[in-house]
Amino acid sequence: MIRFIEYKNIDKQKWDRCIQQSANSSIYVYSWYLDAVCANWSALVLNDYETVFPLAPRSKYTISYLYQPFFTRYFGAFSKRALTEQSVNSLFEAIPHKYKFIEFAVNETTIFNFPEFSKKERVYQLLNLNADYEALYKAYSDNTKRNIKKAVNTGLVVRSGIEAQKIVDLFKLTKGKELKELKERDYKSLVQLMETAEKMKRAESIAVYDKDNTLCAAGFFMKNNSRLTFLKSGVTDQGKNSGAMQFLFDTIIKKNAETNTVLDFGGSSVETVARFYKSFGAKDCVYLQLKKNSLPSIVKWISKKQ
């Protein structure tokens, strides 16, 4: 039996156990992660947490809707057992009808064929690090190799460990002007998320400094099973000009080479960002963004949610 469970009634221990044991386990949907990015998240749960499906609800103008929170890529079905098209469809059918507008993404392993939703393909980039470093480096683009050499020749150095607040401050300073949708509360949530991941030993941070010990770039990565997921970074103009970000990712790749680690670049459908990730040899992975609009016509017009 599939139940819709509100936040206050979710058994987080059973929830996290299901996520951990799922073949498609994702860092984005552990209870502690959801707590940081989405207050009062809810869920669909099959039987005794055999399969779970997180939902992020909001309400505006008395209209209840579901959305994809900042700092998450996708949700979807996570299960201790193999999922089928029928079992996934049953989960979608169990979404409460009170949610008149739904827009979120599902992971690439979610078998989806539910006609009430429109679908849009999105991509993220993934790199398997099981080869030795020399083989991985050989797959870099020529431009990336040049930037790494420039970083070394400029005297940049990499150090592990940097405070979450400093990474977010750098991200805000260098990218904040372009991301008007991010408010101060979102930056606070990001810091909370990073600090929680560190406390749970699920994080790795790295920073690049110039020869005068000035911070040029910093990045934050999250660990889950054999996947290392890039969350956020910041880079100064000096860092851009001296190849700091290429140097940062090269350091992470070198450190994890010849392991069963998969480097998840966090992903982007923005061509320039995706091109940067793919310059390290990463490949596109496709997932689905879903949308369902059951709003009355007049409300659609007023809210512009077409």
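Trainee: How many helices and strands does the secondary structure of the chain come to?

Mentor: Start by counting the elements. This is a predicted model, and its chain has eleven helices and 14 strands.

Trainee: And how compact is the chain?

Mentor: Compare the radius of gyration with what the globule rule gives for the length. Here the radius is 20 Å, close to the 19 Å from the rule for 306 residues, so the chain is as compact as a globular protein of that length. Along the principal axes, the C-alpha atoms fill a box of roughly 60 × 40 × 35 Å. As for burial, 52% of the 306 residues count as buried, meaning under 20% relative accessible area.

Trainee: What order do the strands of the open sheet have?

Mentor: The ten strands go β4-β5-β7-β14-β8-β13-β12-β11-β10-β9, and the pairing is mixed. At the edges you'll find β4 (57-60) and β9 (157-160); each has a single partner strand, so one side of each lacks a neighbour in the sheet. On average, neighbouring strands are turned by 25° against each other, ignoring direction.

Trainee: Which way do β8 and β13 run, and how many bridges join them?

Mentor: For a pair, look at direction and then bridges. Strands β8 (residues 118-128) and β13 (residues 262-264) run antiparallel, joined by three bridges. Asn128, for instance, has Val262 in β13 as its bridge partner.

Trainee: Where does helix α9 pack?

Mentor: Check which strands the helix touches. Helix α9 (residues 244-256) packs on the sheet, with β8, β9, β10, β11, β12 and β13 as its contacts. Its direction makes about 35° with that of β11.

How values were computed. Residues numbered from 1 in each chain as written. Predicted model: local features only at pLDDT ≥ 70, side-chain atom pairs only at ≥ 80, totals over all residues. Heavy atoms only, no water. Pairing = 2+ DSSP bridges. Helix = DSSP H or I, 4+ residues; strand = E, 2+ residues; numbered from the N terminus. Axes fitted to C-alpha atoms, helices over the stretch in contact; angles between N-to-C directions. Contact = heavy atoms within 4.5 Å. Rg over C-alpha atoms; globule rule 2.2 N^0.38 Å. Buried < 20%, exposed > 50% of the residue type's maximum accessible area, 1.4 Å probe, protein only.
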